[in-house]
Amino acid sequence: MEMVKNRQEKVKNREVDGFGKDYLGLLLKAYHDEGHSMKISADQLVDECKTLYVAGQETTNTLLSWMMGMIINETLRLYSPVFAGFMRDVDKPDRFSEGVAKATNNNPSAFMPFGMGPHTCAGFNFATNEAKITIAMILQRFTFSLSPGYVHSPFPVLAVRPEKGVQVIINSL
């Protein structure tokens, strides 16, 4: 409501010529419509703002969750925390767009980065959520790209690790 009050105050004090051309500005114009043809109530104005905020946040959160889930699954498939002892296919995160079962042709042993059945790692959900949160926090504050000198060299020890490290260029936003 603070944004609404600020815009109304600026129009009232003649600091600006109108409420703006964005969605909030259009709603405020409809709220203040003197002709009554497009007039909306204060409750309708608030409800529209809530709907936009909730729907926008929900769809963005869902999109990011799916994207990060696919990226994390593909990373785990290529570089499992536990060395599986076989070569991996090329990087293709969208293979998980329809879920793990579809990506593995219903072969549960084709994707088991944290074990399987009674031997599933107790930290699987924690590790996956921690990775999503960490990625989200990094992307809020930085851009990064691989260094031109980066050499891709997965090295199987207990976990598959980059033998020569992962050289990245990090820039603050």
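Asn-73 lies in helix α3, which covers residues 42-78; helices here are DSSP runs of H or I with at least four residues, strands are DSSP runs of E with at least two, and both are numbered from the N terminus. This is a predicted model, in which local features need pLDDT of at least 70 and side-chain atom pairs count only at pLDDT 80 or more, while totals for chains, interfaces and linings use all residues. Residues are numbered from 1 along each chain as its sequence is written, and side-chain values use heavy atoms, with hydrogens and water left out.

With a relative accessible area of 17%, Asn-73 is buried. Buried means under 20% relative accessible area, exposed means over 50%, and partly exposed lies in between, using a 1.4 Å probe and protein chains only. Not counting residues up to four places away in sequence, Asn-73 touches Phe-96, Val-100 and Phe-111, where contact means heavy atoms within 4.5 Å.

The secondary structure of the protein consists of five helices and four strands. From the N terminus on, the elements run α-α-α-α-α-β-β-β-β. The radius of gyration of the protein is 25 Å, well over the 16 Å that the globule rule gives for 173 residues, so the protein is more spread out than a compact globule. That radius is taken over C-alpha atoms, and the globule rule is 2.2 Å times the number of residues to the power 0.38. Along its principal axes, the C-alpha trace spans about 75 × 40 × 25 Å. Of the 173 residues in the protein, 17% are buried. Among contacts between residues at least 6 apart in sequence, 40% join residues at least 24 apart.

The largest nonpolar core has eight residues: Val-4, Phe-19, Leu-24, Leu-27, Leu-28, Ala-30, Ile-40 and Leu-45. The largest share of this core, four residues, comes from α2. Apart from this core lies another, of six residues, among them Ile-72, Leu-76, Phe-96 and Phe-111. A nonpolar core is a set of buried Ala, Val, Leu, Ile, Met, Phe, Trp, Tyr and Cys residues joined through side-chain atoms within 4.5 Å.

In α2, Leu-24, Gly-25, Leu-27, Leu-28 and Ala-30 are buried. The buried residues of α2 pack against α1 and α3. Leu-45 is in contact with Val-4, Leu-27, Leu-28, Tyr-31 and Ile-40, leaving aside neighbours within four places in sequence.

Gly-18 is found in the loop between α1 (2-12) and α2 (23-31). At 35% relative accessibility, Gly-18 counts as partly exposed. From Gly-18 to Ile-133 the separation is 115 residues in sequence and 40 Å in space, C-alpha to C-alpha.

Among the strands, β1 (residues 142-146) holds Phe-142. This residue is partly exposed, with a relative accessible area of 32%. Phe-142 and Ile-170 are 28 residues apart in sequence, and their C-alpha atoms are 6.5 Å apart in space. Leaving aside neighbours within four places in sequence, Phe-142 is in contact with Ile-170, Asn-171, Ser-172 and Leu-173.

The protein has 18 positive and 18 negative side chains, and the centres of the two sets lie 4 Å apart. Lys and Arg count as positive and Asp and Glu as negative, while His and the chain ends are not counted. Each charge is placed at NZ of Lys, CZ of Arg, CG of Asp or CD of Glu.
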